[in-house]
Structures are given as C-alpha cells and as structure tokens.
Amino acid sequence: MDRIRIRGGNRLNGTIDISGAKNAALPLMITALLTPETLTLHNVPRLVDVLRLQKILGNHGVDIMTAGKRAGQNGGAGETLRISAKTIVDTTAPYDLVSKMRASFWVLGPLIARMGEAKVSLPGGCAIGTRPVDLHLLVMEKLGATCDVEQGYVIARAKHGLKGGHITFPKVSVGATHAALMAAVLAHGDTIIENAATEPEIGDVAECLNKMGAKIEGIHTKTLRITGVTSLKGAEHTVIADRIETGTYAMSAAMTGGDVLLRGARADTLENPLLLLERTGVTVERNNEGIRIKRNGSALQPVDIITDPYPGFPTDLQAQFMGLMTMAKGTSHIRETIFENRFMHVQELARLGADIHLHGDMAEVRGVKKLTGADVMATDLRASVSLVIAGLAAEGETMLHRVYHLDRGFEALEDKLSACGADVERLSGS
Ligand code: UD1
C-alpha cells in the first residue's frame, strides 16, 4: 500500500493547475446512460473514483474511449472521455462495484428512465455517517417507479416509463437532486423539484443535460422545472473546475505561507470559504487566471465555521479548514451539520500535536504554536488531505498511511504540491 511522506516547513510558491471536479465528472459520466449517442467530456480528472465508475458503466455495456484509446490504457494522462451507451446490456449494478463508491448508486435514475428497470446494490463510499438513500427512493416513487429493497439491492421498475411529478425534498441532498434530474429528463410530462441542492456541480450536470436535448429551467436555483423529452442526443461538455481541490490548495498555501496561483479555479463557486479564508488574515486575489493566495509571515486568526449546503461552507472542506485552524492564534469552533460522523481526522490531527476537543457536532480547535510530524492514517477522502495540510506545516516527517482514500479524489497531489516547493513524496508498497 502506498504512503505519502511529507517533510514539513516549506512555504508554497508557484502555480497549481486545478483539475476538473470529481463531483461533477462522476454524475456527468452517468448521464451518458441516458442516450445511445456519444457524450464527450473534457477535463475529466484522472482519479481512482473515475476509473471505478468506468468499470461500473462498462458492466452496463457502456464503451468509454479516451484520445483514441480505451480509458485507463494511456498511462492516466487522458482527459477527454468519449462515452457511448449505445446498447445497455445489463441493468444490474452489483455489490462488489457499487460498494466501493457511493456515487455509483446514481446509475439507478438513468437506468430506470431509459430501460424501465434497474437493480442497484445499496452503496458504500466514505465512512462519514449512515448515509441513507431514502430520498433517492422518494424521487423514483414520485416519478412513478416502484422500489423494493431486497437482499441489499434496490429493485426499481417503471414498465411503461417514468411520469413527471412534483418532488419536494424534506432535506437538501446533492445525490438525490442529481437522481431527480437524471430521471425526470426522460419522464413523460413535467416535473418540479423543490428544495433542490444548488451545488455548482448540479448546475454543471444540468447544463450538460440541456446540451443533450433536455429541457431544464431554473438551473442554479432551488426550484428546477423539467419538461420531459422522449430521447436525448450526444453532446460535448467540459467539466467545471474542482472547488474542493481549489479550497484544499488555498488552505495549504495559507497554512505554509507563500504565494500560490490556483490556475483555472472558479472563485464564484467557493465565495464563502474564500471570505472565511480572508478573515484568517490570508490575502485572496481573484483574477482572470484563477485565484491567488498569499500569506507573508502574519499569524493565522481563528475563525468559526458551520458547514451547510451550498452556498454555505462545504462539508468537503471542513477537515481541511480544521487542519488550518490547528495553528491559528486562538480558538476556533467548527460545526458539522451535514454528516454525523465526519470528525475522524480529529484523532489523527492530535497525533501531530493539535489541540482539539469534540462537543457533539462541534469541534473546539485551540491553536498551537507548532505541530510535529508523526505517522497518521487517512480515514476518508477529505479527512486524509487535512493531514497533508497539517503535515506541510509540521516540524519533521509526517507519514500518511492508507493513501488510497486520497487517490479517490485528488489528482497528482504530490506532484502539484512538490512543484510549489513542498517536500512531499509518494512511497510505493508497504
Ligand atoms: C455529495 C458529494 C459529497 C459531499 C456531499 C454533501 C458527490 C459525488 N459527493 O454526496 O462529496 O460531501 O454531497 O455536500 O457529489 N441523505 C439522506 N437521504 C438520502 C440522501 C442523503 O438522509 O437519500 C442525507 C445524508 O445522510 C447527509 C445529507 O443528506 O446527511 C446530505 O447528503 P448528500 O447531499 O446526499 O450527499 P451525497 O450526494 O452522498
């Protein structure tokens, strides 16, 4: 198993190119199931989760090519995927594939919409709470499908196709909003989705669906109106920049000090975290190329955050912000309201010398003057990168174990950080 070794203390200076967003690329790839024509996606990040989804889609009969080769056969450099679901040969998504990545459960909607049936294993993914799928089932039922859960599988049927419906979400869910959109575009009649999630990745998928011939109005708002169409066609789309990767490197630069340009970043998709970052004393410059983050010697001020659905502070940046606050000059409070078990990084940060106390859904982070390198373990995707941020500022050597969590969501992390002067190295094997 790979490990990442960080020798802390170097400031970051230079340019980091921001990749396409994982959380947009995955649902975009899944939308390809809705058409027999080819969907071409540019700027797809080379991540383990993307490769896993390719396998899952392949199981349904989807053909995926990149730069004239089959995806995964070009040394990981390909960024453009041509996805063709000409014939769907299997409507079952089995446990061994779906259990590794929660987003793969989202094939449910498109499979029923196009094929009238689907059998999808209940999902896995990061261990950050119970993560039910009740809202996904609500969507399918509101659109006229019957859903049964049997032996760990959701079996959904709509023999005569889905029908438009009125969906009001009792709770904001990114995945369930994607599911509703992907199912409703091919339903007979009109659908209204209220209390929809407004994360930028949902807007990105909705725009791609409209390029494919869907009729979605209200994109980027909490109410989406969809007029069902009988078929969708192929299209070409570029995946939006990853705001979580952007925020992560912004916090890395803030943690170490220095001057880093996050090239290609979209400031408009992470205004809340950027404003909070400014309140810590960091200079944030939004320009034509992206976002520039600077900190020169000034102490980090403590700032309180509460995670919330978009446009609030993203839960996917909570761990990283906590990493940053471990060295603030004072005490900050971090409340997690989206997932109930998303503080697993606390005990690992403590191994580096952080002083953090948990009170239910709130972490009290008392800033310390120094962190010291240690062996730490990645527990989930975003938690693992908070350890990288802390390790970059810790004295001595930090060894991050279970790096596979990181590889699910961060493309070429060690290369991007090293290019800016960090001492970060991947060690292969155990
Ligand atoms: C997506 C993101 C993930 C991010 C999360 C919240 C992707 C691939 N993943 O995950 O990175 O952390 O949004 O921004 O885009 N819930 C239910 N019932 C359901 C579905 C969800 O109760 O049927 C709850 C969840 O347990 C959680 C909350 O709703 O408490 C939000 O979850 P959701 O927005 O659905 O997260 P994901 O779509 O899984």
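Which of the 20 residues around the ligand come nearest? In this predicted model, in which local features need pLDDT of at least 70 and side-chain atom pairs count only at pLDDT 80 or more, while totals for chains, interfaces and linings use all residues, the residues that come nearest are Asp 134, Ser 173, Val 174, Asp 316 and Ile 338, where a residue is near a molecule if one of its heavy atoms lies within 4 Å of it. Residues are numbered from 1 along each chain as its sequence is written, and side-chain values use heavy atoms, with hydrogens and water left out.

Oxygen atoms of the ligand lie 2.6 Å from a side-chain N or O atom of Ser 173, 2.9 Å from one of Arg 102 and 3.3 Å from one of Lys 171. The ligand taken alone exposes 740 Å², and the protein buries 90% of that (accessible areas by the Shrake-Rupley method with a 1.4 Å probe).

The domain assignment gives domain 1 as 3–14 + 242–427 and domain 2 as 24–232, with bounds that come from an automatic or database domain assignment. The centres of the two domains, taken over C-alpha atoms, are separated by 30 Å, and the contact (heavy atoms within 4.5 Å) takes 16 residues from domain 1 and 17 residues from domain 2.

Between domain 1 and domain 2 an area of about 1600 Å² is buried, with carbon and sulfur atoms giving 55% of it; buried area is the accessible area (1.4 Å probe) that two parts lose on being put together, summed over both. On the side of domain 1, Tyr 310, Arg 408 and Glu 411 lose the most area to domain 2, together 41% of what that side buries. Two salt bridges are found across this interface (a side-chain nitrogen of Lys or Arg within 4 Å of a carboxyl oxygen of Asp or Glu), and Arg 408 forms a salt bridge with Asp 49, in which the closest N and O atoms are 2.9 Å apart.

Definitions and conventions
A polar contact is a pair of N or O atoms within 3.5 Å; within protein, one must be able to donate a hydrogen and the other to accept it, and residues adjacent in sequence count only if both atoms are side-chain atoms.
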